Amino acid sequence: MARRSRAGTTGLARPAASEERALTKPVDPAEKARDICLRQLTDGPRTAAQLGTAMARRGIEPEVAEAVLARLGDVGLIDDAAFAAAWVTSRHAGRGLARRALAHELRTRGVADPLVDAAVAELDPDQEAATARALAARRLAASRGLDSAVRFRRAAALLARKGYSSQLSYRVIREALEAEHDGAAADLPDLVGSLDD
């Protein structure tokens, strides 16, 4: 059997002259910063603070980062107010989070307090209560057959993790338990009696 030779496969191909120049050309810091931001934004919306952090991790100087963020804001690619409003709508509908939890999440993403306050203020209190009611009803339904104190604690813990106040939590859980007992006062744990006042 004759062996065939492989012509042209003696090693790695040399890059073209234009590619060699591109590899040796110094990278403009502003261009590098824009590339970092645009890559981040292709994954989803980001706040200015998140983009700033991403650039800092990659060694971009603060002055360059500020200029790039200002330009991206001017062309509408970053808008913390719009980000906050969309975040509140999405996370409340999808995860059932209350104002307090939503505000915390936005602050951890670097959204300024006035923008956080404006975004969570758009969440209708009636809608927030209805969401808390639905969450409590679902948790109580999953714990049917258990002691009422255990059921209450589980539902209250869920609502607390979602950021609901203890007063609202107590009210919606009490309503749900009373509805189960055809309007009769539910046997609730003593530890929450003070919240009824």
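Helix axes are here lines fitted to C-alpha atoms over the stretch in contact, and angles run from 0 to 180 degrees between N-to-C directions. Helices (H or I, at least four residues) and strands (E, at least two) are DSSP runs, numbered from the N terminus. The model is predicted, so local features need pLDDT of at least 70 and side-chain atom pairs count only at pLDDT 80 or more, while totals for chains, interfaces and linings use all residues. Residues are numbered from 1 along each chain as its sequence is written, and side-chain values use heavy atoms, with hydrogens and water left out.

The chain comprises 10 helices and 0 strands. Of its 197 residues, 31% are buried, where buried means under 20% relative accessible area, exposed over 50% and partly exposed in between (1.4 Å probe, protein chains only). Contact means heavy atoms within 4.5 Å. Among contacts with a separation of 6 or more, 59% join residues 24 or more positions apart.

Two packed helices are described by the angle between their axes and the distance between the axes. For helix α5 (residues 80-95) and α6 (99-108), the angle is about 135 degrees and the axes are 10 Å apart. That makes α5 oblique to α6; angles under 35 degrees count as roughly parallel, over 145 as roughly antiparallel, 65 to 115 as roughly perpendicular and the rest as oblique. The crossing is right-handed, a term used if the near helix is turned clockwise from the far one by less than a right angle, with anticlockwise giving left-handed. On the α5 side, the contact is made by Phe83, Ala84, Trp87, Val88, Arg91 and His92, and on the α6 side by Leu102, Glu105 and Leu106.

In helix α7 (residues 113-121), the buried residues are Val116, Ala119 and Val120. They span an arc of only 90 degrees around the axis, which puts them on the same side of α7; the arc is that of the directions from the helix axis to the C-beta atoms.

The structure also holds 2 aromatic pairs. Rings of Phe, Tyr and Trp (its six-membered ring) pair if their centres lie within 6.5 Å, and planes under 30 degrees apart count as stacked, over 60 as edge-to-face and the rest as tilted. The rings of phenylalanine 83 and tryptophan 87 have centres 5.6 Å apart and planes at 20 degrees, so this pair is stacked. Both residues lie in α5, 4 residues apart, about one turn of the helix, and both are buried. The rings of phenylalanine 152 and tyrosine 170 have centres 6.1 Å apart and planes at 65 degrees, so this pair is edge-to-face. It links distant parts of the chain, with phenylalanine 152 in helix α9 (residues 148-161) and tyrosine 170 in helix α10 (residues 166-180), 18 residues apart. Phenylalanine 152 is buried at 3% relative accessibility, and tyrosine 170 is buried at 7%.

Helix α3 (residues 48-57) and helix α4 (residues 62-74) provide another packed pair, with axes that come within 10 Å and cross at roughly 145 degrees. This crossing is right-handed. Ala48, Leu51, Gly52 and Met55 of α3 meet Ala65, Val68 and Leu69 of α4. Methionine 55 is buried at 0% relative accessibility. Beyond its neighbours within four places in sequence, methionine 55 is in contact with Ala33, Ile36, Cys37, Ile60, Ala65, Val68 and Leu69.
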